[in-house]
Amino acid sequence: MAAAAAALGGLGLLRARLRLAAAAAATSAALGPSGHRAPSLRGGVTAAALPSARRSYGSQAKEEEELRVRYLDDEHKGIVVLGLNRSHAKNALSKNLVKMMSKAVDALKSDKKVRTVVFRSEVPGIFCAGADLKERAKMHSSEVSSFVSRARATINELANLPVPTIAAIDGTALGGGLELALACDIRVAASSAKMGLVETKLAIIPGAGGTQRLPRTIGVSLAKELIFSARIVDGEEAKSIGLISHVVEQNEAGDAAYRRALALAKEFLPQGPVAMRVAKLAINQGMEVDLVTGLAIEEACYAQTIPTKDRIEGLLAFKEKRPPRYKGE
């Protein structure tokens, strides 16, 4: 009885969230893709094929922007790249950068044209060094608490995006930088990348989800070991412990993880958009409850895909032996 009650409660919450998600999905963003065309890919992503179309909020992208938002075109259409760009501060999370990230994520979650989000660094050799400690040193204690809360909320918003998210780690990801990557669905890293939650060295603890997402990713005991020791691991070790899904050898351009992330994101594009969003919701919600409740959540999510136009198109395309033409409906 208790499990059934829990399942019903979970379903009620799920249906409410699904209604909100459906309403958000019905609101199409007015922005359209821009930028020059990227050449076709053959057997993977080449340097010449890396997209460079840009879009910013209220103005054209500028070199000094701390966060670059790129809506890709052609065969990458549907992929959005968020690029950290604070070279002078090793992409450390400042108040302004966190504000820009929050604004970008807020725009993405209501844009049904977005199929996958890739989070990367535009700065060679670094993903994100964590919080901007120089800026924090100038803050009053009350400001620090407010900033950490805002950063935590922004990273949670990233984790709750309805579409798949991929972190491309081509350099160092420490503290809040690794917490940012942990909030993504999938992590890809170069073998030379360095990752760790090092906050205990500063007599504090991870404050933007690290104590919760790391054990859910690699297991409780190992997560404790890494946090207690403030240990830093490279890409190979990160792959061996399950911290990342893919490890690649770094290339001369320093963007091997980004290229792998793009290739992975491209694999997601042919799938039904509604199914992708509902699958992510089912997995995320199901991982937080017992199996019985999780199966009830799966049932409710599956029901959301039955009446969609995409499902009808998928079955028709299968019958006609052609690629489906999904519209996210």
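**Close-up 1. Helix 2 and helix 4 cross in a left-handed sense in this predicted model.** A crossing is called left-handed when the near helix is turned anticlockwise from the far one by less than a right angle, and right-handed if clockwise. Helix 2 (residues 95–108) packs against helix 4 (residues 141–159) at an angle of about 30°, and their axes lie 9 Å apart. That makes helix 2 roughly parallel to helix 4 (under 35 degrees; over 145 is roughly antiparallel, 65 to 115 roughly perpendicular and the rest oblique). Axes are lines fitted to C-alpha atoms, for helices over the stretch in contact, with angles from 0 to 180 degrees between N-to-C directions. Helices are DSSP runs (H or I, at least four residues), as are strands (E, at least two), numbered from the N terminus.

**Close-up 2. Here are the residues where helix 2 touches helix 4.** From helix 2, look for Lys95, Val98, Lys99, Met101, Ser102 and Val105; their partners in helix 4 are Glu143, Phe147, Arg150, Ala151, Thr154, Glu157 and Leu158. Contact means heavy atoms within 4.5 Å. By class, this contact has 6 nonpolar, 2 polar and 5 charged residues (Ala, Val, Leu, Ile, Met, Phe, Trp, Tyr, Cys and Pro are nonpolar, Asp, Glu, Lys and Arg charged, and the others, Gly among them, polar).

**Close-up 3. Helix 10 meets helix 11.** Helix 10 (residues 273–286) and helix 11 (residues 291–305) pack at about 170°, with axes 9 Å apart, and are therefore roughly antiparallel to each other. The contact divides into 6 nonpolar, 5 polar and no charged residues.

**Close-up 4. The largest nonpolar core has 50 residues.** Such a core is a set of buried Ala, Val, Leu, Ile, Met, Phe, Trp, Tyr and Cys residues joined through side-chain atoms within 4.5 Å, where buried means under 20% relative accessible area, exposed over 50% and partly exposed in between (1.4 Å probe, protein chains only). Residues with the most contacts inside this core include Phe119, Met195 and Leu214.

**Close-up 5. Lys77 sits in the loop between strand 1 (67–71) and strand 2 (79–84).** Lys77 is exposed, at 54% relative accessible area. Its C-alpha atom is 8.8 Å from that of Lys113, 36 residues apart along the chain.

**Notes.** Residues are numbered from 1 along each chain as its sequence is written. Local features need pLDDT of at least 70 and side-chain atom pairs count only at pLDDT 80 or more, while totals for chains, interfaces and linings use all residues; side-chain values use heavy atoms, leaving out hydrogens and water.
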